[in-house]
Amino acid sequence: MDRADEPALAVAQALHDLGATVTVTDPKALDNARKLHPDLDYVEDPIAAVDDADLLLHLTEWHHFTTIDPKRLATRTTTPKVIDARSTLNTDQWREAGWMTRALGRP
């Protein structure tokens, strides 16, 4: 697992430990993540990862995630809310797609 992804998994595990249902996706490291954090739920498809989600946490800089169509994702969530912890999403585009957005370090 890439060291850059370890903080994201630590956040996911902490939320799980507090009682949240957490679904994790990663384009490269799901097998390693499963070994390190077997209590979390994992899916390979990043679109399916938001199914019925109350909140999306964007905790990685993977290009795969910054190019996803936020309109497509919004229809799959319970509430289209995203926290962009890496400040890599185009928040204007996400807001136009109906998302409530918060980006660390940005308004």
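This is a guided tour of a predicted model, stop by stop.

Local features are taken at pLDDT of at least 70 and side-chain atom pairs only at pLDDT 80 or more, while totals for chains, interfaces and linings use all residues of this predicted model. Residues are numbered from 1 along each chain as its sequence is written, and side-chain values use heavy atoms, with hydrogens and water left out.

**Whole chain**

Show the protein chain as a cartoon and colour it by secondary structure. There are 5 helices and 5 strands, where helices (H or I, at least four residues) and strands (E, at least two) are DSSP runs numbered from the N terminus. Their order from the N terminus is α-β-α-β-β-α-α-β-α-β. The radius of gyration, taken over C-alpha atoms, is 13 Å, close to the 13 Å that the globule rule gives for 107 residues, so the chain is as compact as a globular protein of that length. That rule is 2.2 Å times the number of residues to the power 0.38. Along the principal axes, the C-alpha atoms fill a box of roughly 40 × 25 × 25 Å. Of the 107 residues, 36% are buried; buried means under 20% relative accessible area, exposed over 50%, and partly exposed in between, with a 1.4 Å probe and protein chains only.

**Helix α1**

Select V11, L15 and L18. They form a nonpolar surface patch with about 270 Å² of accessible area together. Patches of this kind join nonpolar side chains (Val, Leu, Ile, Met, Phe, Trp, Tyr) within 5 Å, from residues with over 30% relative accessible area and no salt bridge. The areas come from the Shrake-Rupley method with a 1.4 Å probe, and for residues only the protein chains shown count as cover. L15 sits in helix α1 (residues 6-17) and is partly exposed, with a relative accessible area of 31%.

**D26**

What does the side chain of D26 reach at 2.8 Å? It reaches the backbone nitrogen of A29. The backbone nitrogen of K28 lies 2.7 Å from a polar atom of the D26 side chain.

**Salt bridges**

The structure holds 3 salt bridges. Start in helix α2 with R34 and D31, which lie 3 residues apart, about one turn of the helix. Their closest N and O atoms are 3.3 Å apart. R34 is partly exposed at 32%, whereas D31 is exposed at 54%.

Now select D51 and R76, whose side chains meet at 2.6 Å, N to O. D51 lies in the loop between β2 and β3 (56-58) and R76 in the loop between α4 (70-74) and β4 (81-84), so the pair ties together parts that are 25 residues apart in sequence.

Then take E61 and R86, with the closest N and O atoms 3.7 Å apart. E61 is in the loop between β3 and α3 (63-66) and R86 in the loop between β4 and α5 (91-96), so this pair too ties together parts 25 residues apart in sequence. E61 is exposed at 53% relative accessibility, and R86 is partly exposed at 29%.

**P38**

End at P38, in the loop between α2 (30-36) and β2 (41-42). P38 counts as exposed, at 62% relative accessibility. Draw a C-alpha to C-alpha distance from P38 to W94: the two are 31 Å apart in space and 56 residues apart in sequence.

Key:
Patches are made of residues with over 30% relative accessible area and no salt bridge: like charges are joined within 9 Å, nonpolar side chains (Val, Leu, Ile, Met, Phe, Trp, Tyr) within 5 Å. A salt bridge is a side-chain nitrogen of Lys or Arg within 4 Å of a carboxyl oxygen of Asp or Glu. A polar contact is a pair of N or O atoms within 3.5 Å; within protein, one must be able to donate a hydrogen and the other to accept it, and residues adjacent in sequence count only if both atoms are side-chain atoms.
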